[in-house]
Amino acid sequence: MRGDHWFRAQGTAFAVALLVSVIAGGTLGYMGIEGWGAWDAFYMTVITVTTVGYREVHDLSRTGQAFTVVLLLGGVGAALYTFTLLATVVVEGGLPKRLQRRRRTRMLETIKDHFIVCGYGRIGSIVAREFRRQSIPFVIIERDPARFQAAVDDGVVAVEADASREDVLKRVGIERARGLIAAVGTDAENVYAVLSARVLRSDLFIVGRAETEDGTRKLQRAGADRVISPYLIGAVQIAQTAIRPAVVDFVELATSSDNLELAMEEITINPTSPLSNQSILDASLRQRFGIIVVGIQRQDRRMEFNPEPETAIHAGDKLVVLGRPDSLKRLEAEAGR
């Protein structure tokens, strides 16, 4: 594929150079044979090569007529060849692809607070689809050409490269990123991607995908904040659905982004928020926002489930709350104020 692009680019350059040479040669020929000025010679050459059919600029001598015949025989073919090749490049997507690459480059230079998703396989494509549904900015890194093209066809901002390379991670704006998801095909590739990301950003939130228990341990050692095993989660989900179907239905309903009546969200308390250093009761979360505090994750990642009304809320805590989406947005605004 890349070889075809190279040969096409070389052919286009050759065709343009050939046409320029014909026009330059025709201009010089008329100047030398007929003694015309540069503009008259150039104009005569152009109308001859393009077969426009206008009359001659000046009367031609017999030698000038012979030169015109030679110019027609050679120049018209060169012009048709060049114009056809340029039209082919445009029609087959050469120009749109270049414009698309430029737009992608500009987006990569300006994007921020985004997630970097390494891999566009079964897991990565599902993650991307969920991010798009929730309007969360993200960038895909995929080194497989077919999967990269699939991401581009889906309208996703993607880079065809190796996610474990530090220069690639810098290119997709890791210094401005919100987090990274390592969902490449193998545990080894995910470990390398996590290691590279952790070297560049010690504070970056990283989620890794593992296929084996050994892969889980290695991803944790590499610096992943969370390690997810799709097979383990899938098996647990199947078991829970068989045992407690109503509970599973409720959780799916609360965590679905399509649900307009009920949603579960985590909200971080900003140090300058009026909710900081207040108890749940004093903050009147239930009365003011109509939400239920399911749990509080402290800064040390310790989780307090179903906290009492007198439980204090501190800066940096994450409230796991349940309520209507509009109520959650109002609470999030006050928590981040």
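Biologist: In this predicted model, where is G185 found?

Modeller: G185 lies in the loop that runs between strand β4 (179-182) and helix α8 (187-200).

Biologist: Why is G185 called partly exposed?

Modeller: The relative accessible area of G185 is 35%, and since buried means under 20% and exposed means over 50%, a value of 35% falls in between, so G185 is called partly exposed.

Biologist: Which residues does G185 touch, if those up to four places away in sequence are not counted?

Modeller: G185 touches R209 and E211, where a contact requires heavy atoms within 4.5 Å. As for R122, its C-alpha is 9.2 Å from that of G185 in space, although the two residues are 63 apart in sequence.

Biologist: Turning to the sheet of four strands, what is the order of its strands?

Modeller: The sheet is open, its order is β7-β12-β9-β10, and the pairing is antiparallel.

Biologist: What makes β7 and β10 stand at the edges?

Modeller: Strand β7 (263-268) and strand β10 (303-305) each have a single partner strand, so one side of each is left without a neighbour in the sheet. Neighbouring strands of this sheet are turned against each other by 25° on average, direction ignored.

Biologist: How do you know that β7 and β12 pair?

Modeller: Two strands pair if there are at least two bridges between them, and β7 and β12 (residues 318-323) have six bridges in the antiparallel sense, so they are called paired. In this pairing, E265 stands opposite V321 in β12.

Biologist: Which helix packs on the sheet, touching β7 and β12?

Modeller: That is helix α14 (residues 325-335), whose direction makes about 5° with that of β7.

Key. Residues numbered from 1 in each chain as written. Predicted model: local features only at pLDDT ≥ 70, side-chain atom pairs only at ≥ 80, totals over all residues. Heavy atoms only, no water. Helix = DSSP H or I, 4+ residues; strand = E, 2+ residues; numbered from the N terminus. Axes fitted to C-alpha atoms, helices over the stretch in contact; angles between N-to-C directions. Buried < 20%, exposed > 50% of the residue type's maximum accessible area, 1.4 Å probe, protein only.
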